[in-house]
Amino acid sequence: MRYEVLAFNVFQRPNLQWWGRRRPQQSEALALLNWKASLLSLTNRSVLPSWTVSPGNAQASPCGWFGIHCKGDSVSRINLTSYGVKGTFHAFPFSSLPKLDELDLSINGLFGTIPPQINQLSNLTYLDLSYNQLSGKIPPQIGQFIHLKTLHLVQNLLNGSIPDEIGQLESLEELALQNNYLNGSIPSSLGNLANLTYLYMLNNSLSGNIPSEIGKLSSLQELYIDNNQLTGSIPSTFRNLKHLRLLNLSTNSLSGSIPSEFGHMESLNWLVLFKNNLSGFIPPSLGNLTDLTILQLYENKLFGPIPEELGNLKLLVFLEVSQNQLNGSIPSSFANLSNLETLFLRDNQLSGPIPQEIGNFMKMWMLELDGNQFTGQLPQNICRGGTLEYFIANDNHFRGPIPKDLKN
């Protein structure tokens, strides 16, 4: 890939004489041109060709440049997402953009650190630096953005801990830090973010307990902390997350039981807890989650029977409880799960016959029953819906004929 070094193509050095007494837009233009001069191109095209001024233009303004938006006489928004620039923040004109409201530099080739001077953009409401190669720590000065509503730092090379100061961003609605190398514990100060709606911290190296203060995020709708190194139990304070729709805590080392208080989270659509060390019974209170479409509890240490109450989850599409220590029979209430497409029960200690009602699953396309102690005959109507593509039933105690409906 060829990189093009950018230089001023109108004059070699910024000539300040022709600026005279500069208006705010003119000062911002000169400052942005200084940053442009430090950038490279990730493509064969020149970088930001519209970012130019003529020495004879005393009214030079950046407001017509690509990616620049103005309010009145000042730059209010910079959006260069996916433009293909490579460079650092070393020459970025933080102090020259006092009215900047939105900064989106996502999906580029930015590298180096996020400098503490970023706090000079004191009016920011939107900051997205995702999908770059930024490294180092998240500067604690980022906690001074009192107007910030959106902070996206997804998929960079950021390391170190999440600064406690992020808990000072009381206007924050979206916090996305996934796909980095962040470590340390989740700050309890995040519980101060009363307006937070989306919280993504997946695919990092976060450790320690999930702070109980997360249960104070009463506006939260989506919480992803999967694929980290979290330990300890799931806080019972999660019962306060009345608006939560998606919860993913999978692929950690969480222990203890699944809180029965989850039954109070009646807006929940997804409950994803697989690949942890959770033990105890599956709480019957999960049957209260009537909006649930995905329930994934596989690869834990759960034991006891599958609760009859799960048959109340009539919108359920994916039910996966494989690789636990569950026993007893398949609940007869499963006959109500007419929207079920995937049912994984393998590698447990389940027993008894397969209910004939399983043939009512007209949308079923994946069914795993292997590695249990099921007995009796397989239901002859097991493929009545004609959608079954993936069916495993080995390592049980079945007898009798192969179901005729498999011809469908």
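Okay, ground rules. What we have is a predicted model, so local features need pLDDT of at least 70 and side-chain atom pairs count only at pLDDT 80 or more, while totals for chains, interfaces and linings use all residues. Residues are numbered from 1 along each chain as its sequence is written, and side-chain values use heavy atoms, with hydrogens and water left out.

On confidence: pLDDT is the predictor's own score for each residue, from 0 to 100. The chain averages 91, and 93% of the residues score at least 70. Residues 1-21 are below 50, and that stretch has 46 contacts in the model beyond near neighbours in sequence. Contact here means heavy atoms within 4.5 Å.

Now the annotation. The unreviewed UniProt entry puts "domain: Disease resistance R13L4/SHOC-2-like LRR" at residues 188-298. UniProt positions use the numbering we have here, feature names are shortened, and annotations may be inferred rather than shown by experiment. Over residues 188-298 the chain is 0% helix and 24% strand, with the end C-alpha atoms 29 Å apart. Helices (H or I, at least four residues) and strands (E, at least two) are DSSP runs, numbered from the N terminus.

T197 is a residue to look at here. It lies in the loop between β13 (181-184) and β14 (198-200). Buried or exposed? T197 is buried, because its relative accessibility is 15%; the cut-offs are under 20% for buried, over 50% for exposed, and partly exposed in between (1.4 Å probe, protein chains only). Leaving out residues up to four places away in sequence, T197 touches E173, S219, L220, Q221 and E222.

Next, strand β23, residues 301-304. Its covered face has L302 and G304, and its uncovered face has K301 and F303. Which strands does it pair with? One is β21 (residues 277-280), parallel over two bridges, where L302 is the bridge partner of G280. Another is β25 (residues 325-328), also parallel over two bridges, with G304 partnered by L326. Pairing means DSSP finds at least two bridges between the strands.

Over to the disulfide. A search of the whole structure finds one, with the cut-off being cysteine sulfur atoms within 2.5 Å. The pair is C63 and C70, sulfurs 2.0 Å apart. The torsion about their S-S bond is about -95°, so this disulfide is left-handed. C63 is partly exposed at 27%, and C70 is partly exposed at 25%.

A quick word on backbone angles. Most residues other than glycine have a negative phi. S82 has a positive one, near 60°, in the loop between β4 (74-79) and β5 (85-87). Q155 is positive too, near 50°, in the loop between β10 (150-152) and β11 (157-160).

Last, the inside. A nonpolar core is a set of buried Ala, Val, Leu, Ile, Met, Phe, Trp, Tyr and Cys residues joined through side-chain atoms within 4.5 Å. The largest has 106 residues, and I78 and F238 touch the most other members. The elements giving two or more residues to this core are α1 (24-36) and β4, and α1 gives the most, with four. Skipping residues up to four places away in sequence, F238 touches I210, I214, L223, L247, L249, F262 and M265. Apart from that core lies another, of six residues, among them V154, A176, L202 and Y224.
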